[in-house]
Amino acid sequence: MSDDDEEDLIEIEVPAPRERDVLDAFRKLMAERDRIDQETAKLPMILGRFPVRRSRIWPLLSVDGGGMRGLVAARLLQEVEKRLPNPLGHYFSVGAGTSTGALVVAAALGTDQPKNGEEIAKLYRQLGEDVFADGWIRRHRRLMRTGSRYRDDTLREAIKGVVGDRRFGDAPKRLIVPVTAEQARAGRVLDNRHDDDDERDAVAGLPLAEVLMASAAAPSYLPPVKLAGDYYLDGGLWANNPTQTAIDQIRDSATDHGPVGFVVSIGTGLPKPPSGSRSLRTRSGRARYGALVGDVIGQIPTERMLVTMPLRRVEVVRLQVDLPVGVGRLDEAESSELDRLEQAVDDALPKLGQKLDRAREVLTALRP
C-alpha cells in the first residue's frame, strides 16, 4: 500500500469488547437456537402429520436473505429438486423471498425459462467474482464517499441476465418480496398478485430486476433503490425470513386459491463466529465477529416463529444448515470460502434427509 493510500484512509477507533462477555453472549444464543430446534422436533409427535387435502393446502416456497449465502439456498433448492419428478414451478404457484432469497425465488419461479438450483449456484459463484471482489481499500473509500461498499451496476446487470426486462406483474407465478421504505423506515410487501387494484397496479409495472435490487439493498453494502418515486432498502431489515409475511399476505387477500398450508422454507446458513478470543484483538477481526454475531441474533426470531406454525395448521419443512466457523459474510467472495459454504450443505444432508423426503411426499401429493 502506498503512502497516499494510507493518508486517504480514515482511522475509526472501535472499543474492544470484553472477550468473555462476547463469547458468553454467543454461547447463550446458540443454546437458545438449539432449544428451539428441540422443541420444534417434538411438534410432529404431539400434533401428528397434517392430512394432505389438495383443495385446502396451498404450497409456498420461501427463501431467506443472506447475501452471498444465497449459494447455500441454491444448493438446498437443488436437493429438493433432485427428489421431485417435475420442475419446481409445477409444485409452487407462490414464492416469497427476501434480499438474496428474492433473487433465488425469481430465478426459480419468476420467468418463463426458470433456472434450476445448480444454475442458480453457478450464478452466485459468478456474483462473487463480479460484484464483491473489490479490495478493502477500494471498498473503504467508496463507503466513505457514497455510503455503500459496492457499486450496484454490476449486480443489476447480473440480475437482468436472469429475469430480463420483465415487469413484476408479468412473472408467471405469484411473487411476494419484502422491502424497507428508506424515508419512512417501515416495511412494505411487494405482491404482484395483490387483490387491491390500486396496489396491484402500483407494483405490477415495476421492473422485476429493480424489485429484486431493492430487496437486496443492504445498508452500507449497496445503495437504496428508487421505485415509483420512493427509495427502498433491504427487506431483511424486518423480514429476513419472509414465511410469516407471505402467509399473512395471502391470508388477508381475496385470492382465487386457499390459504397456505405447506411451506418449504429455505435458509441461507447460520454463521458461527470464531470461538477463540484471538479474532477480537484487531479492529477488522472485531468487525467481522460482530457482523456474524449480529446475523445469529437476527435469525433467532425466525426459529421461534417456525415453532408456532403447526399451531396455525401450517406445516413447515425448514431446511437450514450450520456454517463453518468464521464463514458466511454477506459479501463473501473468496472461492475457497464459497467451497466451504457448499461443503456445509453436503455435510448437513444426512440430517436433512427426513425433511427432504417429507417435502417430496407432500408436494407430489398436492401436485401429482
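## Salt bridges and helix contacts

At a relative accessibility of 18%, D152 counts as buried; buried means under 20% relative accessible area, exposed over 50%, and partly exposed in between, with a 1.4 Å probe and protein chains only. The model is predicted, so local features need pLDDT of at least 70 and side-chain atom pairs count only at pLDDT 80 or more, while totals for chains, interfaces and linings use all residues. Residues are numbered from 1 along each chain as its sequence is written, and side-chain values use heavy atoms, with hydrogens and water left out.

### Salt bridges

The partner of D152 is R156, and the two form a salt bridge, that is, a side-chain nitrogen of Lys or Arg within 4 Å of a carboxyl oxygen of Asp or Glu. R156 is buried as well, because its relative accessible area is 17%. By this rule the model has 19 salt bridges. Side chains of opposite charge can pair when their charged atoms come close.

E79 and R75 both belong to helix α3 (residues 70–82), where 4 residues, about one turn of the helix, separate them. Helices here are DSSP runs (H or I, at least four residues), numbered from the N terminus. Both E79 and R75 are buried; for E79 the relative accessibility is 4%. R83, by contrast, is partly exposed, because its relative accessible area is 26%.

These residues also belong to a network of salt bridges, which links R75, E79, K82, R83, R125, D339, E342 and D346.

### Helices α7 and α9

Helix α7 (residues 153–163) crosses α9 at roughly 130°, and their axes come within 9 Å. α7 is therefore oblique to α9. Axes are lines fitted to C-alpha atoms, for helices over the stretch in contact, and angles run from 0 to 180 degrees between N-to-C directions. Angles under 35 degrees count as roughly parallel, over 145 as roughly antiparallel, 65 to 115 as roughly perpendicular, and the rest as oblique.

From α7, the contact (heavy atoms within 4.5 Å) takes in L155, R156, I159, K160 and V163, and from α9 it takes in L208, A209, E210, L212 and M213. By class these are 7 nonpolar, no polar and 3 charged residues. Ala, Val, Leu, Ile, Met, Phe, Trp, Tyr, Cys and Pro count as nonpolar, Asp, Glu, Lys and Arg as charged, and the others, Gly among them, as polar.

L212 lies in helix α9 (residues 208–215). L212 counts as buried because its relative accessible area is 2%. Apart from neighbours within four places in sequence, L212 touches A102, L103, A106, I159 and V163. L212 and V179 are 33 residues apart in sequence, with their C-alpha atoms 9.1 Å apart in space.

### Helices α4 and α5

L103, one of the contacts of L212, is also part of the packing of α4 against α5. Helix α4 (residues 100–109) and helix α5 (residues 117–130) pack at about 135°, and their axes are 11 Å apart. α4 is therefore oblique to α5. On the α4 side the contact involves T100, L103, V104, A107 and A108, and on the α5 side I120, L123, Y124 and L127. These divide into 8 nonpolar residues, 1 polar and no charged.

Notes
Helix = DSSP H or I, 4+ residues; strand = E, 2+ residues; numbered from the N terminus.
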